[in-house]
Amino acid sequence: MIHEINFVLNGEEVSCTVSARRLLIHVLRDDLGLRGPKIGCDTGHCGACTIRYNGVTIKSCMMLAVQADGAEIETVESLASDGELSPLQEAFHEHHALQCGYCTSGMLMSSEFLLERNPSPSDEEIREGISGNICRCTGYMHIVEAVRDASKAGRRVEA
């Protein structure tokens, strides 16, 4: 069965036609051309596909695209503005909080969500905030440092 869906993606209205069984991550990447959200495990365990759906973080590989009808969706592409990295993205860059970069978009979306709700998280709270995202390269130390630095400097992106 085919459905027409409409939603707001990174501040822009979009419409697409999707099959009832198609996952949101596949529509975002394959149909809408976004490369930020990644397909890692397709089972919701790795967090590479983390996006914001109506203000909360979700794993887009765990949601059917038809469920996005009427929603507001933000991907990592929404963080930078006018070609400039967000303060959190800058902190990730400064602290070398990425290596292969595969987990980075999910880490950024989860970290942004954390900092919006807790502007001064402890290291333990940062680790909890990113716990749904797996990084196989960095060992998390640099990611935690980047989030801590972004929070200390008050450098998070305003919601």
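Ser151 is buried at a relative accessible area of 11%, where buried means under 20% relative accessible area with a 1.4 Å probe and protein chains only. The model is predicted: local features need pLDDT of at least 70, side-chain atom pairs count only at pLDDT 80 or more, and totals for chains, interfaces and linings use all residues. Residues are numbered from 1 along each chain as its sequence is written, and side-chain values use heavy atoms, without hydrogens and water.

Ser151 lies in helix α5 (residues 141-152); helices are DSSP runs of H or I with at least four residues, strands runs of E with at least two, numbered from the N terminus. The Ser151 side chain comes to 2.7 Å from the backbone oxygen of Arg148. Beyond neighbours within four places in sequence, Ser151 contacts (heavy atoms within 4.5 Å) Leu115, Pro119, Ser120 and Pro121.

## The sheet

Five strands form an open sheet of mixed pairing in the order β2-β1-β5-β3-β4; two strands pair if DSSP finds at least two bridges between them. β2 and β4 (56-59) are the edge strands, each pairing on one side only.

β1 (residues 2-9) pairs with β2 in the antiparallel sense over eight bridges. Within this pairing, Phe7 stands opposite Val14 in β2.

## Cys16 in strand β2

Cys16 is located in β2 (residues 12-19) and counts as buried because its relative accessibility is 9%.

Methods:
Buried means under 20% relative accessible area, exposed over 50%, partly exposed in between (1.4 Å probe, protein chains only). A polar contact is a pair of N or O atoms within 3.5 Å; within protein, one must be able to donate a hydrogen and the other to accept it, and residues adjacent in sequence count only if both atoms are side-chain atoms.
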